[in-house]
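Here is a friendly walk through a structure, chain by chain, with a few stops at individual residues. Please keep the view open as you read.

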Amino acid sequence: MSELAATPLLEVDRLSVHFPQHGGGWFRRHRQVLRAVENVSLTVESGETVALVGESGSGKTTLGSVVAGLRTPTAGRLRFRGQPLEGARRGIQIVFQDPYSALDPRMPVSSLIAEPLLIQRVGTAAERRARTAALVEQVGLPADALNRYPHEFSGGQRQRIAIARALAPDPALIVADEPLSALDVSVQSQILNLLKSIQETRKLSYLFISHDLGVVNHLADRVAVLYLGRLAELAPAAELFARPSHPYTQALLTAIPRIGRRRTRGSRTLRSEMPSPLAPPPGCVFHPRCPKAQAICRTEPPALAPAPGRPRQLAACHFKD
Amino acid sequence: MSVAADAPVSVWRLRWRRLRRDRTAMASAAVLLLLVAFVLSAGPLAALLGIDPDATDLLSRYDPPTARHWLGTDDAGRDELLRLMYGGQTSLLVGLVATIVGGALGVLIGLIAGYFGGLADAALMRITDGFIALPLLPLLIVLAAVDLTKLGFSAEFAHSGAAGFWRVVVIISIVDWTGVARLVRAATLELRDRDFVLSARASGGSAAYVLARHILPNAATPIIIAGTLTVGRVILFESVLSFLGFGIVPPTPSWGNMLNNAQEMVTTAPALAIYPGLLIFITVIAVNFLGDGLRNAFDPRG
Amino acid sequence: MAGFILRRIVQTACVLLVMSFVIYGLIGLMPGDPLDAMLASVPNVTPDVIEHLKQIYGLDQPLLLRYWHWLLAALSGDLGYSRTHSQPVLVVLLPALLQSCKLMLASFCVSVVLSVTLGVLAARRPGGRLDAAISLFAFAGLSVPVFWLALVLILLFAVQLHWLPASGMSSLGGGGPGDQLRHLALPVATLALVTAGGFTRYVRAAMIETMRMDFIRTARAKGAGEARIVLRHALRNALIPVVTVMALSFGTLFSGALVTETMFAQYGMGKMIYDAILGNDYNLALAGLLFATLITLLSNLGADLAYARLDPRITLQ
């Protein structure tokens with residue numbers, strides 16, 4: 001990722017997604033608003049992998065679905081190659097977590113992979129068939145897979161089908177929403193390697209959504225840590241894993257079990273549950289669980305700013321390391 | 001009701017295998033095929049016996065069975081057997097067509113309500129709640145009594161036989177689409193947030209594309225089962241409407257309007273009061289058994 | 001709870017209002033108009049006179065306005081005059097309502113007793129012979145045309161066996177309560193048999209499901225007798241959803257009553273509506289249909305409230 005690149009591939013600019021909460025009876029007036037994503041800005045460069053990390057409920061999947069064109073943001077802007085982006089299109093595709101639900105059980109593999117091309121009316125039927133056959137080979141499936149149905153495949157193979165499908169319209173960016181977490185551990189590394197090799201040959205970018213920091217460390221160039229829909233930290237992977245700046249990132253990293261290291265207890269692990277995104281705490285949203293919280297944290301929301309001496313590592317904390 | 005989660009080929013074969021083991025369902029299917037054969041042989045039989053099924057003969061009302069009139073004659077001296085066959089054609093056709101028309105309406109509305117939610121959905125749920133609660137027969141009768149000329153149709157059309165047929169089809173469809181709509185709505189709600197639907201949308205698939213290509217095929221199971229059971233209900237509706245004089249209008253026979261004179265028949269020719277109703281009964285019970293068998297074969301948990 | 005009841009009542013009133021408009025509109029689409037009937041006996045009317053009469057009766061006004069006037073009158077208790085009976089609508093309607101209620105309540109009770117008994121018996125050994133026989137009975141009830149069942153019963157019990165009268169509400173010259181009961185027997189039997197079909201299937205399904213639950217096994221483990229388990233533990237729980245379904249089927253019951261009353265020449269709501277539509281008696285048909293809707297809506301409301309009371313797990317918002 002060159003610092004000089006004029007326009008990033010994808011630019012997320014002060015994006016917010018709010019869900020008004022329906023419910024209650026006819027007579028209930030007041031409505032709550034769930035702030036799933038709040039004022040998030042980040043970029044994805046060409047050929048880069050940016051990981052979105054956070055607990056469930058942090059808004060990472062919502063952000064991913066906005067980028068994939070499945071949801072309209074409440075506020076903020078998306079730019080793709082410098083152009084404003086509306087709805088879904090060929091340049092960005094998505095791979096989902098659950099390969100069992102991601103493939104229509106009533107379609108043969110050939111139709112599943114060719115579907116994005118068919119919808120976009122790309123090429124002739126013969127060209128689509130040729131492209132589909134090539135893709136099946138590229139993701140490491142047997143050629144006779146084309147005429148079979150999803151239920152005849154294992155979870156890992158289905159995920160390969162889903163990846164082939166996402167690659168069909170030759171996108172520049174793939175949103176991968178926890179693509180490994182539904183798979184067996186033995187299969188995870190195969191798919192991870194497939195994603196890496198595809199990136200190398202096609203110069204693809206990934207927006208990689210995950211809660212597995214081990215996988216993120218292996219794949220990501222930069223990492224964005226989300227907490228309650230807000231960016232807590234945004235930094236190159238190497239720097240973030242070496243010296244996490246935000247107390248939340250520090251806690252997340254401590255929570256990874258590592259061989260040869262005792263699990264530390266005490267101030268660095270997270271206290272209590274994540275608060276409801278319906279009623280986020282005032283000030284810094286992380287303060288109720290933060291070991292470093294001071295008076296200012298309860299009133300002043302911190303801005304995203306470089307960590308001391310590390311201009312490329314941004315953290316939203318009054319007391320960042 | 002579950003939405004099938006497996007591929008067509010094997011699933012349908014599996015279901016067929018299960019259905020074939022259900023003796024009641026298979027017997028019902030056989031009975032229905034026989035009934036269809038029975039009503040379709042009306043034309044050939046009339047030609048064979050040289051009888052005009054519509055020719056009235058007031059000198060031979062309520063004749064007992066003879067070599068020429070196998071089941072005797074009715075209150076206007078017409079051949080009872082041929083009337084039963086032609087009447088069956090009408091009743092079965094109304095059953096099928098009204099189910100298809102009402103089913104299509106229900107599927108369309110269910111898909112829209114389930115997929116888009118919001119106001120359309122709220123309106124649908126209120127309307128179906130209303131329809132489920134209301135006494136349908138009086139409503140059907142009022143609808144049947146509507147004067148088509150007041151709706152802008154020509155008097156000529158309003159009194160034609162075709163209008164009689166389509167009127168019955170339309171009013172039953174208007175009243176009966178709600179069950180299918182609810183089912184399809186439920187299935188659509190279950191399917192619309194599945195990843196394969198999202199992924200088609202992410203590729204730029206329009207709502208119409210997603211509904212037709214992904215949601216409808218995956219909701220086929222409940223639609224087929226509900227549709228089968230609807231046929232039985234529709235045949236009952238038609239028969240009672242025609243019986244009360246608001247459905248298929250003579251001289252076109254239907255199993256329902258053949259009993260118009262039932263009170264008179266009870267004393268003069270009881271057998272005539274039995275035949276049409278018995279055929280309706282057999283048809284509907286066979287349809288219901290078949291529908292039940294389909295449900296069991298399609299949904300092993302049930 | 002109070003909020004829930006209030007909301008349901010408002011909802012019911014709204015549905016009734018909408019339905020009254022729909023029915024009002026539909027009745028207006030029936031052949032002819034009130035003037036035709038009125039003028040049928042008066043020859044030589046000039047078009048001027050007809051126009052004038054239309055103005056007097058407000059027939060030249062738009063539908064919505066006519067509906068509004070009708071609604072105001074109806075709310076003040078004036079449902080108009082029945083043309084065919086030459087009496088105020090309410091005078092015709094109330095006795096018919098009473099008759100229908102007798103028929104429906106009696107049929108409802110008979111079919112509940114019948115279906116609970118059969119459903120419980122069938123659920124004792126699902127798939128067994130008794131279950132198959134009861135299932136056949138239930139399907140027959142669901143599949144039989146009501147008017148034909150009535151015919152068959154008349155043929156059998158009135159024409160062949162002479163046990164019961166075939167039609168009417170009482171013998172000529174009146175007759176005591178016993179006589180009225182004899183006249184009610186066949187209609188009630190018809191309606192009850194038809195209704196019991198669906199009910200039996202519900203009871204059976206609910207019983208089978210309940211008998212699989214853990215608390216039944218607990219009761220067995222405690223050594224409770226089979227009869228006690230079925231009647232005290234299972235039936236009580238199984239009946240909760242069944243009661244709702246039964247009350248919700250009031251609309252179907254009414255449709256059945258319409259046919260039954262016609263077949264047995266009993267002047268109830270069904271027969272009254274049927275005759276009113278045949279005779280272009282607009283006011284009577286309108287009022288009859290509205291009362292039918294009202295009764296059904298009230299029974300649904302009752303079912304909801306009963307459900308809330310019977311099932312302590314339901315919390316109402």
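## Chain B overall

Of the 302 residues in chain B, 57% are buried. This is a predicted model, so please read every value below as computed from it. The secondary structure of chain B consists of 13 helices and 0 strands, and its pattern along the sequence reads α-α-α-α-α-α-α-α-α-α-α-α-α. Along the principal axes, the C-alpha trace of chain B spans about 75 × 50 × 30 Å.

Chain B exposes about 12,500 Å², with carbon and sulfur atoms supplying 67% of that area. Its charged side chains number 23 positive and 22 negative, and the centres of these two sets lie 12 Å apart. As for how the chain folds back on itself, 71% of the contacts between residues at least 6 apart in sequence join residues at least 24 apart.

## Helix α8 of chain B

How far apart are the end C-alpha atoms of helix α8 of chain B? They are 44 Å apart, and this agrees with the 46 Å that its 32 residues (161-192) should span at 1.5 Å a residue. Helix α8(B) also has a kink of about 40°, and the kink is centred on D176(B).

## Helix α9 of chain B and its cover

The buried residues of α9(B) are D195(B), F196(B), V197(B), L198(B), S199(B), A200(B) and A202(B).

Which elements cover them? The cover for the buried residues of α9(B) includes parts of two chains: β6 (92-95), α2 (109-120) and α4 (155-167) from chain A, along with α4, α8 and α10 (207-218) from chain B. Just after α9(B) comes G204(B), with a positive phi of about 100°.

F116(B) lies in helix α4 of chain B, which covers residues 80-116. Setting aside neighbours within four places in sequence, F116(B) is in contact with R192(B) and A207(B).

## Chain A and L228(A)

Chain A contains 9 helices and 12 strands. Buried residues account for 51% of its 321 residues, and the chain exposes about 15,100 Å², of which carbon and sulfur atoms supply 51%. For contacts in chain A between residues at least 6 apart in sequence, 65% join residues at least 24 apart.

Most residues other than glycine have a negative phi. L228(A), which is not a glycine, has a positive phi near 50°. Is L228(A) buried or exposed? With a relative accessible area of 2%, L228(A) falls under the 20% cut-off and therefore counts as buried.

Chain C has 13 helices and 2 strands, and 45% of its 317 residues are buried. The accessible surface of chain C is about 15,700 Å², with 66% belonging to carbon and sulfur atoms. Among its contacts with a separation of 6 or more, 71% are accounted for by residues 24 or more positions apart.

Within chain C, M207(C) sits in helix α8 (residues 177-211). M207(C) is buried, its relative accessible area being 1%. Not counting residues up to four places away in sequence, M207(C) touches V120(C), A123(C), V230(C), A234(C), L235(C) and A238(C). M207(C) and V242(C) are 35 residues apart in sequence, and their C-alpha atoms are 9.8 Å apart.

Finally, take a look at N280(C), in the loop between α12 (269-278) and α13 (282-310) of chain C. N280(C) has a positive phi of about 50° although it is not a glycine. Its relative accessible area is 23%, so N280(C) is partly exposed.

Definitions and conventions:
Residues numbered from 1 in each chain as written. Chains lettered and ligands numbered in written order. Predicted model: local features only at pLDDT ≥ 70, side-chain atom pairs only at ≥ 80, totals over all residues. Heavy atoms only, no water. Helix = DSSP H or I, 4+ residues; strand = E, 2+ residues; numbered from the N terminus. Expected span 1.5 Å × (residues − 1). Bend = angle between axes of the 7 residues up to and from the residue. Buried < 20%, exposed > 50% of the residue type's maximum accessible area, 1.4 Å probe, protein only. Contact = heavy atoms within 4.5 Å. Areas by Shrake-Rupley, 256 points an atom, 1.4 Å probe, with all protein chains shown as cover. Lys, Arg positive; Asp, Glu negative; His and termini not counted. Charge placed at Lys NZ, Arg CZ, Asp CG, Glu CD.
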